[in-house]
Amino acid sequence: MARDERVWRERGLRQAVLAGDERAWRAWYDHAFADLYAYVLWRCAGLRDDADEVAQETWLTAVRRVCDFDPAQGSFLGWLKGIAAQILRNHWRRQRRRRAEPLANHDPAAPEDTSGEEQEVAQRIAAALTELDPRHEAVLRAKYLEQTAVRDIALAWNESAKAVESLLTRARQAFRVAYEQGSFSKQETQP
Amino acid sequence: MSDLLPDPLEDFLHGSFDRAADERLRQSVLEKTSRVLRRRRLLRKLSFAAALAACFVAGVAVGSRLLETSPGVPAPVHAVLPEKEVESTPAVPVGNEAVAHEWKAFDAQQDRAEIYFEAGRKYLRENQDYDSALRCYRQALDFASADALAVSADDDWLLITLKQARRKDNQNANLN
């Protein structure tokens, strides 16, 4: 959809939603729900419970603050992702605080829970994504979640293919560092 | 430096997981957000109704006082006009300036707001016809620019009340 057309369409929908029109809201919701959920699930490294919680909070925030959305600044989906990114930062910050609290009922003799280990790895990955520079996260998402070819990313971002490849390399390195040294890393949580 | 990431990261980047949301989540979030919209719609209706009720009560209160304190005032001329949502057409009792002004506003191509304001003032001061004054003031505010919502020293009590209610309505619409 051409930019002008999108801006006009979303302006109309915004006015209708501000007046309380449920059909307009439903149109927006149906259009954006799947893409937003895919984004949130990626940022939660596949942890569905966390993704469900963040997705719900994102939509509730959006419907309350729709007066702040300006279609000329970007698309509705882009705005939603911005809200989701902020909620994700707060979410993982809370998770980190919970992990730092002593486990009252922890039994060191209990057999290892492997599903717990997988969850812990996923949480570390999600936290690492949150700590990445937004541009690094965006290029990793474009390449690996959206399966966009490097030349298509370059076209969309108005960059050269070489610049995108170089950015991808730096993003992967930053991802490794954030994973190994980040706030959820084993070094931080081991006694 | 090797670009190969530790296994969990490579597994995450190159792996795939089912991205589809649970349909129950989708429906549940839709219902919750729709509820917020319904509350917003109800609040708008209630605030508009409250503003109209306030205008009506104020009009009746002041009107009865005026009638008590003004001996020999002729009975108010109530023009019988069909109700229309957007525009109403005034009836034409002979010699009634307020009605003539309202007709003029109805037919005007320019300065409609001003002429409606004048018609409203005449209905109120000359005829004590509060219903017609309210109608004309509402039309005037619909046609006037945003600046016209500012209260001025020449405004009568009815117009002041309507302007305040309209401004509050606009603020509520912006907040939501």
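The structure is a predicted model, where local features need pLDDT of at least 70, side-chain atom pairs count only at pLDDT 80 or more, and totals for chains, interfaces and linings use all residues. Residues are numbered from 1 along each chain as its sequence is written, chains are lettered from A in the order in which they are written, and side-chain values use heavy atoms, with hydrogens and water left out.

**Where chain A meets chain B**

- Let's start with the contacts: 38 residues of chain A touch 35 residues of chain B, where contact means heavy atoms within 4.5 Å.
- The size of an interface is often given as the accessible area lost when the parts come together.
- Here the buried area is about 3500 Å², and carbon and sulfur atoms give 63% of it; buried area is the accessible area (1.4 Å probe) that two parts lose on being put together, summed over both.
- Three residues, A:Glu22, A:Arg172 and A:Arg176, supply 18% of the area that chain A buries against chain B, more than any other three residues.

**What holds charges and polar atoms together across the interface**

- There are 4 salt bridges between chain A and chain B; a salt bridge is a side-chain nitrogen of Lys or Arg within 4 Å of a carboxyl oxygen of Asp or Glu.
- A:Arg172 pairs with B:Glu10 in a salt bridge, at 2.9 Å from N to O.
- Among the elements that give two or more residues to chain A's side are helix 1 (3-18), helix 3 (48-64) and helix 8 (161-181) of chain A, while helix 2 of chain A gives the most, with 10 residues. Helices (H or I, at least four residues) are DSSP runs, numbered from the N terminus.
- By class, this side of chain A has 23 nonpolar, 5 polar and 10 charged residues. Ala, Val, Leu, Ile, Met, Phe, Trp, Tyr, Cys and Pro count as nonpolar, Asp, Glu, Lys and Arg as charged, and the others, Gly among them, as polar.

**Salt bridges within chain B**

- Over all chains, the structure holds 21 salt bridges.
- B:Asp22 and B:Arg24 form one, with their closest N and O atoms 3.2 Å apart. B:Asp22 is partly exposed at 32% relative accessibility, whereas B:Arg24 is exposed at 67%. Buried means under 20% relative accessible area, exposed over 50%, and partly exposed in between (1.4 Å probe, protein chains only).
- B:Glu118 and B:Arg121 form another, at 3.3 Å. Both lie in helix 4 (residues 112-127) of chain B, 3 residues apart, about one turn of the helix.
- B:Asp155 meets B:Lys163 in a salt bridge of 2.8 Å; B:Asp155 is buried at 11%, and B:Lys163 is buried at 5%.
- Salt bridges that share partners link A:Glu22, B:Glu31, B:Arg35, B:Arg38 and B:Arg41 into one network.

**A buried charge without a salt bridge**

- B:Asp156 sits in the loop between helix 5 (130-143) and helix 6 (157-175) of chain B.
- B:Asp156 is buried but has no salt bridge, and the nearest side chain of opposite charge, B:Arg125, is 4.5 Å away. Lys and Arg count as positive and Asp and Glu as negative; His and the chain ends are not counted.
- Leaving aside its neighbours within four places in sequence, B:Asp156 is in contact with B:Arg121, B:Leu124 and B:Tyr137.
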